[in-house]
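Take a look at the chains below.

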Amino acid sequence: MAEPLTDATRPRFAHASEAELARILDFYQVTWRYEPDVFPIGWNTRGAVTECFAPDFYLPEVDLYVELTTLKQSLVRKKNRKLRCMRLLYPEVRIKLLYARDFKALMLKYGRLDFMDQVFSGNSHNGAQNGSQDGPRPGSQDTPRNGPARLAEPAA
Amino acid sequence: MTLHDDVSEILLTEEEIRARVAELGKELGADYAGRSPVLVSVLKGSIVFLADLVRATEIPLSVDLMELSSYGANTESSGQVRILKDLSGSIKDRDVIVVEDIIDTGLTLNYLLRYLHDRGPASVRICCLLDKPARRLAEIDIDYRGFTIPDRFVVGYGLDYDERYRNLPYIGVLRPSVYGGAEPES
């Protein structure tokens, strides 16, 4: 059963919506990890990784990655493309993308309309990153998972 | 102005619900013939479904109720779900059927299943009226499912918004204007 993290041990979330989802998971005692894995999804001709995808959460008890995207439409398209790459390269990985409408529905369900307004008024970034998640963030574990990730190794 | 005016669309009519609940009751009766399950329901949303389901199930059974705290605006940052009302009786070696009004994220049920399994039941199965799979985070194996519904905010037949609309006899989609136009974008 998940133990809630203290303020000192909580990760620095890139977006207030991520922090809120973490609180919900804590409330229902669902174990989660924040950005524990980075999946390479693009390589150059020398075999070096040029693009990665780091899902926001991993829920080990249900073996599910969760990616929150409460961003503007242009960034959602970019994230959708990355997700398609993920599903092609790592078909065994279960990942759920929560769009802005999904997050809004969660907030509605939990009576958190005030928070929803805050998130979508543009004042919700914690200032750590720009939220586009193009690659590994400082502090995240950047060890690729097994499988296709090993293709990232430059050819000998 | 009535409650009905706040509903933009009736998703499931009273007749559709009644017919499906009768089918579920028959299924339960057949599957649990010769046994005496205990139906465990979570307050408050499931009470209407539970009341109709038990009357559609023609086998000996018992009923127990639980209430869990919900995540919400007043939740402490370190808050965790709490049992506000526990089971009245033991479920050890009993066949348990969890009766739920709606399963969306599955987080509440995920917690509840762990709790129930720790009390040594002979079996646990899940019977839900509404399954909203688009919202699922915790995978749940549903044994008896009334309807699979689209990703809409629904009220009625026990389901509420801000404690209202539970007494609507049907399942309806709430008008966005009721909750400040904050309905998820389509």
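The expected span of a helix is 1.5 Å times one less than its number of residues. This is a predicted model. Helix α1(B), residues 14-31, has 18 residues. From first C-alpha to last, α1(B) reaches 26 Å, close to the 26 Å expected.

Which residues of α1(B) are buried? They are B:Ile17, B:Val21, B:Leu24, B:Gly25 and B:Leu28. Their arc around the axis is only 105 degrees, so they sit on the same side of α1(B). An α-helix has 3.6 residues a turn, so residues three or four places apart point the same way. On the other side of α1(B), B:Glu15, B:Ala19, B:Glu23 and B:Ala30 are exposed. The cover over the buried residues includes β1, α2, β5, β6, β7 and β9 of chain B.

**The sheet**

Six strands of chain B form an open sheet with mixed pairing, in the order β4-β3-β2-β5-β6-β7. Its edge strands are β4(B) and β7(B), each pairing on one side only. The twist averages 30 degrees from one strand to the next. β5(B) and β6(B) pair in the parallel sense over eight bridges. In that region, B:Val99 stands opposite B:Cys127 in β6(B).

| Helix | Strands it lies across | Angle |
|---|---|---|
| α1(B) | β5, β6 and β7 of chain B | about 160 degrees to β7(B) |
| α2(B) | β2, β3, β5 and β6 of chain B | about 160 degrees to β2(B) |

**The contact between chains**

The contact takes 23 residues from chain A and 25 residues from chain B. On the chain A side, α3(A) gives the most, with five residues. By class, that side has 13 nonpolar, two polar and eight charged residues.

How values were computed. Residues numbered from 1 in each chain as written. Chains lettered and ligands numbered in written order. Predicted model: local features only at pLDDT ≥ 70, side-chain atom pairs only at ≥ 80, totals over all residues. Contact = placed C-beta atoms within 7 Å. Helix = DSSP H or I, 4+ residues; strand = E, 2+ residues; numbered from the N terminus. Nonpolar A, V, L, I, M, F, W, Y, C, P; charged D, E, K, R; others polar. Buried ≥ 20, exposed ≤ 12 C-beta atoms within 10 Å, placed from the backbone. Arc of directions from axis to C-beta. Pairing = 2+ DSSP bridges. Axes fitted to C-alpha atoms, helices over the stretch in contact; angles between N-to-C directions.
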